Amino acid sequence: MKATKTTALAMSAVLTFGLMSGCGNMEDRGKSTKTEDKASQNVNATGFPIVKEKFKLTLFTGQSPQNGNKFEDTTVWKEYAKMSNIDAEFQLVPFGSLTEKRNLALASGDYPDAFYSARVPVADLMKYGSQGVFLKLNDLIEKNAPNFKKLLDKYPDLKKGLTMPDGGIYSFPSIYSPEFLPMLIGTPLWINKNWLDKLNMKEPETTEEFYNYLKSVKDSDMNGNGQKDEVPLSGMFGIQTIQRYIGGGWGFGNRGAVAHPYVDMDPASNNLRFYRTDPKYKEVLQYMNKLYSEGLIDKEIFTLKDTALYAKGEKGLLGAAFVPHPQAVMNQKGFVGLGALKGPHGDQLFVSVKNPIAWPGAFVITDKNKNPEATLRWIDHFYGDEGATFYFMGQKDVTYTQKPDGKLEFTDEVKNNPNGLTLDQAVAKFTTWPGGSYPGYVQEKYFKGSESLPESVDAGMKASKNLVKEMWYSFNFTEEETAFMSSKGADIQKFITETEANLINGTASFDDWDKYVATVQKMGLDQYLSVYKAAYERYSSGTR
């Protein structure tokens, strides 16, 4: 009897505690619901202002060196604050320390309403989305983001690329229109047309003709200064930019080598192929080794910074280079873009094309945000023509004009700045897109960066002749797959990068190729391909 009485008392205590806890939770839920209802009622369904009562939106924000101004002081954000009735506070973090500070903020829980231009990686979208730290946006997009919803409907691959394996969309991206090819190739290969003419050579069309041109530059005093200081070939982002481009001459990277630098589709079997260990890929590296060992590739290519590359260009030392636009970044005229080179087996693919989803995690809303519906409307404006034109071009008849044919053009204050400012410097006075990573939709009609210049358009046309026929957007991995890709998968990629660099610079021998391939296999190559295949199948079926 005593035991029964004790048990009854214990159960009574548990029930009483549960009821008290339930009341507390119900009170909290009631307060939360009231807050959410109030926030929803504050939002205007359409038009401006977005909200009836003003509030402050705090944003963890990546900042490029081109953006020296406080964001709130630029014309676009000043005017948008008035239009929207939302005061945005941009907490600026330089891109150089962005990853470290973003990771620290998320780990500590000390983060603001949203991450803007903060380059949140896909692995974090999945991780923090599943934890509820990043808000799931699917329903909010349906109700509050009409511009972005149109893009998801127009481009099915965009929806695939943003949907995580759990079915959630947790971010707004920086997206380039798939039709805007010069933007997608970004850093084409430019060749010095003046030097081609001096050498009485035509534009190279094959890897052999390209080698011959570089060799002629090396053996001649092309700039006429009495010294052999010419650099036949250099470029941004190191040796891998050159290697990726050359690989297209052997047919590698046939689904887009920027988003998928290790895996493509084997044309013979129509199966996934880890092409970096393919026997023919050895030929790509041998060609690269030939260029480097003969001094045809910049000797500083493995450590070269953009500023040092541009300085070489400004001195007139470059025969060919991978840069956005020679005149825009190095003040050099007389360069023309090359298309794809034909390799020794007849392959000719332009594979150095970027994923249209340039930065999937360009804008993320956190669980600290008390006004998610208004925030969605606030960012969605920049995915429509009106908002995007405003963001990229500024104010009509102040920073840009519209020609009779409808084309937009920056005013002389911007494109021919009287104070000698470059285009990016002049633009940074009124907006914040220089440097990239912004959430937004880029189209040719209102984006007037160097990619829209005539030479870039011409380079895009050349590339389009041999562009990869089917391009994959980036794949998204489950948490388990991400764990593998960030551990064993990352080890495989690091080993390959280091070994290939040594093969190119001559510190490793091609006689050890089979041993190298066997090592990659032992490191877990089969599992790597299995993980990739699972992600590919979800991508292909649209189920993620």
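Across the whole structure, a search identifies 48 aromatic pairs, defined as rings of Phe, Tyr and Trp (its six-membered ring) whose centres lie within 6.5 Å, with planes under 30 degrees apart counted as stacked, over 60 as edge-to-face and the rest as tilted. One of these is formed by Tyr245 and Phe322, an edge-to-face pair at 5.4 Å centre to centre with 70° between the planes. Because Tyr245 belongs to helix H11 (residues 239-247) and Phe322 to strand S9 (residues 320-322), the pair ties together parts that are 77 residues apart in sequence. Helices (H or I, at least four residues) and strands (E, at least two) are DSSP runs, numbered from the N terminus. Tyr245 and Phe322 are both buried (under 20% relative accessible area, with exposed over 50% and partly exposed in between; 1.4 Å probe, protein chains only).

The model is predicted: local features need pLDDT of at least 70 and side-chain atom pairs count only at pLDDT 80 or more, whereas totals for chains, interfaces and linings use all residues. Residues are numbered from 1 along each chain as its sequence is written, and side-chain values use heavy atoms, with hydrogens and water left out.

Charges also sit over aromatic rings, a term requiring NZ of Lys or CZ of Arg within 6 Å of the ring centre and within 35 degrees of the ring normal. The charged end of Lys160 is placed over the ring of Tyr539, 5.0 Å from its centre, and Lys290 lies over the face of Tyr211 at 4.0 Å from the ring centre.

Ser177 is located in the loop between strand S4 (172-176) and helix H8 (181-185). This residue is buried, its relative accessible area being 4%. The side chains of Ser177 and Glu179 are joined by a polar contact of 2.6 Å (a pair of N or O atoms within 3.5 Å; within protein, one must be able to donate a hydrogen and the other to accept it, and residues adjacent in sequence count only if both atoms are side-chain atoms). Apart from neighbours within four places in sequence, Ser177 is in contact (heavy atoms within 4.5 Å) with Tyr155, Leu184, Tyr441, Val442 and Gln443.
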